[in-house]
Amino acid sequence: SESVIRKVLKQFADFKREGYESGSWVLRSDVRLPTEEEMRVMVTPEQACAYFSMLAAEQRLKDAGYGGKSLFAVEDDEEEDSSQKIDDEVRAAPWNTTHHFINAMKGKYQLSVSGPADPTGCGEGFSYTRLNPKDSGNPGISSSKRPKSVRVLKLI
C-alpha cells in the first residue's frame with residue numbers, strides 16, 4: 001500500500017513540497033547507494049529469476065484480462081466453497097504454486113502433480129497445485145479424471 005511505501009521512503013529520502021523538485025522524493029545526502037558489486041552479493045541469481053518469473057506471470061494474467069484481487073487469489077485453507085473457483089491461469093501463477101508447495105512441505109495438504117500448472121503442457125512436468133480433499137477420496141470421480149496426487153516428504 002502507499003503508506004508502506006512512504007514509510008520505507010522516509011528512511012532514505014525526503015519529500016520535497018516546494019521548488020524545482022516539488023512533489024517528488026529526493027535521496028538524503030547521508031544515504032549511500034550500494035555499488036553493483038554490493039548488490040550482486042545481496043541478490044542471488046535465484047532471487048532474480050524468481051522475481052522475473054513473477055513479473056512475466058503477472059503480465060500474462062493482465063494480458064488475459066485478470067486484474068485487481070483476482071490476480072492474487074489464493075485458495076483459502078479453511079474455505080472449501082466450490083462457488084469460489086479460481087481459474088486455472090491464476091492457479092498456475094508462480095506465487096500460488098510456491099504457496100502450495102511450501103504448505104505441502106509443512107504437511108498441511110497434498111499436491112496434484114498433474115493438472116493446469118504443468119509447465120510442459122503435455123503431462124511431463126509437475127503441476128504443484130493443491131489437491132482438493134473432496135476430489136482425492138471421492139469414489140464418484142473416475143480414476144482417469146482424478147488428478148494424480150503426491151505427498152511431499154522431506155529427504156534429509
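This passage describes the predicted model of a protein chain, from its overall fold to individual side-chain pairs.

Because the model is predicted, local features were considered only at pLDDT of at least 70 and side-chain atom pairs only at pLDDT 80 or more, whereas totals for chains, interfaces and linings use all residues. Residues are numbered from 1 along each chain as its sequence is written, and side-chain values use heavy atoms, with hydrogens and water left out.

The secondary structure of the protein chain consists of six helices and five strands, where helices (H or I, at least four residues) and strands (E, at least two) are DSSP runs numbered from the N terminus. Read from the N terminus, the order of these elements is α-β-β-α-α-α-α-β-β-α-β. The chain has 156 residues, of which 18% count as buried; buried here denotes under 20% relative accessible area, exposed over 50%, and partly exposed in between, with a 1.4 Å probe and protein chains only. The accessible surface of the protein chain amounts to about 12,000 Å², and 55% of it belongs to carbon and sulfur atoms, as computed by the Shrake-Rupley method with a 1.4 Å probe, only the protein chains shown counting as cover for residues. Among contacts in the protein chain (heavy atoms within 4.5 Å) with a separation of 6 or more, 38% are accounted for by residues 24 or more positions apart.

The confidence of the prediction, expressed as pLDDT (the predictor's confidence in each residue, from 0 to 100), has a mean of 76 over the protein chain, and 73% of the residues reach 70 or more. Among the elements, α2 has the highest mean pLDDT, at 93, while strand β5 (residues 149-150) has the lowest, at 50. Two segments with pLDDT under 50 may be noted: residues 77-84, for which the model has nine contacts beyond four places in sequence, and residues 138-146, for which the model has six such contacts.

Side chains of opposite charge can pair when their charged atoms come close. With a salt bridge defined as a side-chain nitrogen of Lys or Arg within 4 Å of a carboxyl oxygen of Asp or Glu, the count comes to five salt bridges. One of these joins the side chains of Asp-14 and Arg-28, with an N to O distance of 3.1 Å. This pair links distant parts of the chain, since Asp-14 belongs to strand β1 (residues 13-16) and Arg-28 to the loop between β2 (24-27) and α2 (36-42), 14 residues apart. Both partners count as partly exposed, Asp-14 at 33% relative accessibility and Arg-28 at 28%.

A further salt bridge is formed by the side chains of Arg-32 and Glu-38, again with an N to O distance of 3.1 Å. Here Arg-32 is exposed, with a relative accessible area of 58%, whereas Glu-38 is partly exposed, with a relative accessible area of 32%. The side chains of Glu-58 and Lys-62 also meet in a salt bridge, at 3.6 Å from N to O. Because Glu-58 and Lys-62 lie four residues apart in helix α3 (residues 45-63), they are separated by about one helical turn. Glu-58 counts as buried at 17% relative accessibility, while Lys-62 counts as partly exposed at 45%.

The structure also holds three aromatic pairs, defined by rings of Phe, Tyr and Trp (its six-membered ring) whose centres lie within 6.5 Å, with planes under 30 degrees apart counted as stacked, over 60 as edge-to-face and the rest as tilted. Among them is the edge-to-face pair of Tyr-51 and Phe-52, at 5.4 Å centre to centre and with 70 degrees between the planes. Tyr-51 counts as partly exposed, at 46% relative accessibility, and Phe-52 as exposed, at 54%.

The charged end of Arg-130 sits over the ring of Tyr-109, 4.4 Å from the ring centre, the criterion being NZ of Lys or CZ of Arg within 6 Å of the ring centre and within 35 degrees of the ring normal.

Most residues other than glycine have a negative phi. Tyr-128, although not a glycine, has a positive phi of about 55 degrees. This residue, Tyr-128, lies in the loop between β3 (111-112) and β4 (129-130), and is partly exposed, with a relative accessible area of 29%. Asn-132, in turn, is located in the loop between β4 and α6 (133-136) and counts as partly exposed at 29% relative accessibility. Asn-132 and Ser-112 are 20 residues apart in sequence, and their C-alpha atoms are 8.6 Å apart in space.
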